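Take a walk through the packing of this predicted model.

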Amino acid sequence: MLLKASTKEAIKPHKVTIEYEDATVRMFMIASIIWGAVGMLVGVLVAFQLNFHQLNLGLEWLNFGRLRPLHTNGAIFAFVGNMMFAGVYHSTQRLCKCRTASKTLSLIHFWGWQLIIVGAAITLPMGITQSKEYAELIWPLDIMVAVIWVIFGINFFWTLAKRNEPSLYVAIWFYIATIVTVAMLYVVNNLQLPTSIMHGYSIYAGVQDALVQWWYGHNAVAFFLTTPILGIMYYYMPKAANRPVYSYRLSVVHFWSLVFIYIWAGPHHLLNTALPPWLQALGMLFSLMLWAPSWGGMLNGLLTLRGAWDKLREDPVLKFLAAGVTFYGMATFEGPLLSIKSVNALSHYSDWTIGHVHGGTLGWNGFMAAGMFYWLAPRLWKTKLYSVGMANLHFWLSMVGILLYVASMWVSGITQGLMLNATEADGALLKYPDFVETLNAIRPMMLTRAVGGTLYLIGWFMLIFNIFKTIMGKEPVTEKIDVMVSEDTLYRSSTVRGLINWPLTYSLLLILFSTVWFLADGLLMILSLMASFAVVLIAIVHFQFSGKKWADWYDRFLENSMVFTVVTFLAVVIGGAVQIIPSLTINADKVIMAEGRVQGLYTPLELAGRDIYISEGCYNCHSQMVRTMVPDVLRYGDGERYSKIGDSIYDHPFQWGSKRTGPDLAFEGGKRPDVWHYNHFLDPRSTSPGSNMPAYPWLFKQKLNVNQLPSKINTLRILGNPYPEMDDETIITLAQEQAMEITQRLLRDGAIADPDTKVIALIAYMQKLGSYEQPSFVPGANADSSVAAHE
């Protein structure tokens, strides 16, 4: 029965028997366990590939650049995603005291999500990707993700509307924030214009794309890997410990401060880059502010165990949950630390970030998943866990694995960061000019990481065996409860009444004035700052005189899930709008005039080479962003230049990167002859002794499909890249002529290649990087000249 009443109705109290729908919970749990093993197995493989390049086997679908996105997507969307859905479906029914609204929608959700994962598992090893981190899936799969997520949301909010519990428990708050925010993030970040059924270009370019991507990328971690798991923590930790949550008030502060602050922190992934300084400062400021709510949530979780610490000696569930929350605290301390500009100058592009991410994923998400599964399995099949001893062994083996992994990445990242940034005493020369020298210095740590990951994987296989033996031969059980239904349990406050309250009013005014203060200057800045202080003071005084009423207002606020959802959405959308809207209004012509240079448009062949670069996953190991730091300028900018906004203004998508296993390529063009790149792709160690880069023999055999180029050029023209009008034949001819010229230069240097192979296009792209001359473009003219850009 779906009630929409805004006033209490005379309803005679009566008992209702609720039968929970747990079949979907079991399906998501088993899927998470299986996909978790797959994702971790791929992760261990790519970790060993970084140490032993021979493990790439010369096969394109087993190449590191293609498998690394498969690993990350598998860990995030397949492993944690399915775990999250299992926890949400299971706990929401108990917290609402009602059955999930629609089993049909639940099944569509489950099978649709698994189909998306299978699609990713097929397309990513094939090199079919859009290259945006944590958002590599192509546009047809993006649409499927959006549709399935909406189905999940409909089922969830429908269940809330049917609930037999008047108020919303704290876990539900975090689920609501997850559903509305992930939908917003995913849709905005993945807007693109298709060129074919398997390819499209992001509607954003350069700095705009970088900002939108890391607004999404950072908050995908926040609202896919953090907030739903916090909701799971707030439900399953009290259940496992048989203790109430330590502090309800702390959970209120934890939720609202986390949800509001987190969304602003994305720009800290782009410190010391071409991103406007005010956005870098904004990202760093809000990242530092995250320390307080994150640790408030961690302490609330750990202190829930008060009086139950003795159980940790024997209970593997509590071991995993307590350790998981502790890793959450570690990761959320380290994250703000890495967002400090001076620390970021050392850590960014290094293995330190890899250690940070895996401490969160393996420690926080992985341990919370294991604890939840060990708690759920006996209850969903009404039996006992097959082996408590094996579960405890799993815990300690995984703990050793995580510590080896994270510690080795800390040492590796700091070591390489110091070496790459080291200069001679006068600061004019690099102390370690050879990038490979810094790579070889960290090889022992990279191997230790692989060993740690292997131990964690072995532990996960122990969980698989333990859960399988627990449920084998057992009949799934369906839990039933009797619920007393009355006008109190069915009552919902009106939307207007929920929105009209002083705490919300003061919060919105403070956000408004603070935002104006940050963005404005002059008198308006001073007035908005004074208004912000005035709001705070008035709110404090008001609270002192009516504190109890404020609590009553919040309780009433929690009675209407629609009101709560709207306010939550407003809390997250404000930060995104303040960051992104100004970047979308950047005047390209003014930027070009101020910087004195602009990126030249790619010729058709160079564009094809860029798409090959993306397809092969080269962005996983190479950045294209020389930071505003002396060591970066000396190493990659010939001691003269660093990257600016105009350098990537036509890049759909951007390629600034997030990790340097190899050197930066922003200004690579023209530094080396074509034959060097030819030999480098064929055998990297022939040109760079000690490199761990895999070879790309298939590029020398596979033919380039030039017939796709007209569609790509026309799509980019629609997106604003100022290509001149060209017919299909001209575009194809230009590509073929440039390919022939490169082939002839290779032949003069003793290298033989077919002009229609992919390696020729990739060489053309590499030689383009860092070239910003703007000769006039004449259709049909010599094709190695740049296509004309904005004057």
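Start at W113. Beyond its neighbours within four places in sequence, W113 is in contact with F77, N82, F85, V145, I148, W149 and F224.

W113 also belongs to the largest nonpolar core, which has 167 residues. Within this core, M29, W113, F223, W460 and F564 touch the most other members. Helix α2, residues 64-96, gives the most to the core, with 16 residues. In soluble globular proteins, nonpolar side chains tend to be buried together.

F681 leads on to helix α25, residues 674-682, where it is one of the buried residues. What do the buried residues of α25 pack against? They pack against three helices: α26 (684-687), α28 (728-748) and α29 (758-768).

Now return to F564. This residue of α21 takes part in a contact between helices. Two packed helices are described by the angle between their axes and the distance between the axes. For α8 (residues 248-262) and α21 (residues 561-584), the axes come within 7 Å and cross at roughly 45°. Angles of 65 to 115 degrees would count as roughly perpendicular and those under 35 as roughly parallel, so α8 is oblique to α21. The crossing is right-handed.

Which residues meet there? From α8 come F255, W256, V259 and F260. From α21 come F564, V567, T568, A571 and V572. By class, this contact has eight nonpolar residues, one polar and no charged ones.

Methods:
Residues are numbered from 1 along each chain as its sequence is written. This is a predicted model: local features need pLDDT of at least 70, side-chain atom pairs count only at pLDDT 80 or more; totals for chains, interfaces and linings use all residues. Side-chain values use heavy atoms; hydrogens and water are left out. Axes are lines fitted to C-alpha atoms, for helices over the stretch in contact, and angles run from 0 to 180 degrees between N-to-C directions. Helices (H or I, at least four residues) and strands (E, at least two) are DSSP runs, numbered from the N terminus. Angles under 35 degrees count as roughly parallel, over 145 as roughly antiparallel, 65 to 115 as roughly perpendicular and the rest as oblique. A crossing is left-handed if the near helix is turned anticlockwise from the far one by less than a right angle, and right-handed if clockwise. Contact means heavy atoms within 4.5 Å. Ala, Val, Leu, Ile, Met, Phe, Trp, Tyr, Cys and Pro count as nonpolar, Asp, Glu, Lys and Arg as charged, and the others, Gly among them, as polar. A nonpolar core is a set of buried Ala, Val, Leu, Ile, Met, Phe, Trp, Tyr and Cys residues joined through side-chain atoms within 4.5 Å. Buried means under 20% relative accessible area, exposed over 50%, partly exposed in between (1.4 Å probe, protein chains only).
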